[in-house]
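This briefing sets out the main features of one protein chain, grouped by topic. Please read it alongside the sequence and the structure shown below.

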Amino acid sequence: MTPTFPNPIKIIFLSILLLINIKIAYSQPNQSILVFYMQDVGKGPNATVLPIIVDDPITLASSPTSTQIGSAQGIIIVTSQDGANVNIILSIVFNNAQYSGSTLEIQGTSRQRENLRELSIVGGIGRFRFARGFIVFETISYDASNNQSVIRLTITLETP
């Protein structure tokens, strides 16, 4: 009696199905939503925003005395003649225990006259390696006398 072997086409087809299932099982990203607050001070000895440069504290709550977990560092450049749009290149640099050594990289056009401004998350390092997603900047308070604002950062991201 001679042994019979499975049809090669069936083997190839089953192998492809197995690889597709493995790829789907291991490539589903994890989606997270994080909320932080950026303390933005435009004038005075403790200014965190100078023309072009940004170095704003990132806190867990809207109060400026809330626990600081990092800073938003980068540049903002006015990109429209009427000043309504700015281009933002920003790194959120974490220094707290949970995310220490991690960053999120943000880039895009911010329409400054809109209350909700959505920008892209184009990457990250540490816990946020290969992150993709978006961030919504929402001004929740503004004090014109000292050019100080608190901006809620709602971050929706996917990591592999």
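Isoleucine 53 counts as partly exposed, because its relative accessibility is 48%. This residue lies in strand E2, which covers residues 53-59. The model described here is a predicted one.

- Isoleucine 53 belongs to a nonpolar patch on the surface, which Ile52, Ile53, Ile75, Ile77 and Ile89 form together.
- The accessible area of this patch is about 420 Å² in total.

**Overall architecture**

- The protein chain has 160 residues, of which 32% count as buried.
- Among contacts in the protein chain with a separation of 6 or more, 39% are between residues 24 or more positions apart.

**Aromatic pairs and cluster**

- Four aromatic pairs are found in a search of the whole structure.
- One of them joins tyrosine 99 and phenylalanine 128 in a tilted arrangement, with 5.2 Å centre to centre and 35° between the planes.
- Tyrosine 99 sits in the loop between strand E4 (85-94) and strand E5 (103-111), and phenylalanine 128 in the loop between strand E6 (116-125) and E7, so this pair ties together parts that are 29 residues apart in sequence.
- Tyrosine 99 is buried, because its relative accessible area is 9%.
- Phenylalanine 128 also counts as buried, with a relative accessibility of 5%.
- Phe36, Phe94, Tyr99 and Phe128 make up one aromatic cluster.

**Salt bridges**

- The structure holds two salt bridges.
- One of them links aspartate 82 with arginine 113, and the closest N and O atoms are 3.5 Å apart.
- Aspartate 82 lies in the loop between strand E3 (68-78) and E4, while arginine 113 lies in the loop between E5 and E6, so the pair ties together parts that are 31 residues apart in sequence.
- Aspartate 82 counts as partly exposed at 49% relative accessibility, whereas arginine 113 counts as exposed at 62%.
- Glutamate 138 forms a salt bridge with arginine 152, with 3.2 Å between the closest N and O atoms.
- Glutamate 138 is in strand E7 and arginine 152 in strand E8, so this pair ties together parts that are 14 residues apart in sequence.
- Glutamate 138 is partly exposed, with a relative accessible area of 22%, and arginine 152 is partly exposed, with a value of 25%.

**Strand E2: threonine 59**

- Threonine 59 is located in strand E2.
- Threonine 59 is buried, because its relative accessible area is 1%.
- The side chains of threonine 59 and glutamine 39 are joined by a polar contact of 3.0 Å.
- Not counting residues up to four places away in sequence, threonine 59 touches Phe36, Tyr37, Gln39, Ser66, Thr67, Gln68 and Ile69.

**Strand E7: phenylalanine 134 and aspartate 143**

- Phenylalanine 134 is found in strand E7.
- Phenylalanine 134 is partly exposed, because its relative accessible area is 31%.
- Leaving aside neighbours within four places in sequence, the contacts of phenylalanine 134 are Glu118, Leu119, Ser120, Ile121, Thr154, Ile155 and Thr156.
- Between the C-alpha atoms of phenylalanine 134 and valine 122 there are 8.3 Å, and the two residues are twelve residues apart along the chain.
- Aspartate 143 lies in strand E7, which covers residues 132-143.
- Aspartate 143 counts as partly exposed, because its relative accessibility is 34%.
- A polar contact of 2.6 Å connects the side chains of aspartate 143 and serine 145.
- Aspartate 143 and valine 41 are 102 residues apart in sequence, yet their C-alpha atoms are 9.6 Å apart in space.

**Strand E8: serine 149**

- Serine 149 is part of strand E8, which covers residues 148-159.
- Serine 149 counts as buried, because its relative accessibility is 8%.
- Leaving aside neighbours within four places in sequence, serine 149 is in contact with Met38, Gln39, Asp40, Thr139, Ser141 and Tyr142.

Terms used:
Residues are numbered from 1 along each chain as its sequence is written. This is a predicted model: local features need pLDDT of at least 70, side-chain atom pairs count only at pLDDT 80 or more; totals for chains, interfaces and linings use all residues. Side-chain values use heavy atoms; hydrogens and water are left out. Buried means under 20% relative accessible area, exposed over 50%, partly exposed in between (1.4 Å probe, protein chains only). Contact means heavy atoms within 4.5 Å. Patches are made of residues with over 30% relative accessible area and no salt bridge: like charges are joined within 9 Å, nonpolar side chains (Val, Leu, Ile, Met, Phe, Trp, Tyr) within 5 Å. Accessible areas come from the Shrake-Rupley method with a 1.4 Å probe; for residues, only the protein chains shown count as cover. A salt bridge is a side-chain nitrogen of Lys or Arg within 4 Å of a carboxyl oxygen of Asp or Glu. Helices (H or I, at least four residues) and strands (E, at least two) are DSSP runs, numbered from the N terminus. A polar contact is a pair of N or O atoms within 3.5 Å; within protein, one must be able to donate a hydrogen and the other to accept it, and residues adjacent in sequence count only if both atoms are side-chain atoms. Rings of Phe, Tyr and Trp (its six-membered ring) pair if their centres lie within 6.5 Å; planes under 30 degrees apart count as stacked, over 60 as edge-to-face and the rest as tilted.
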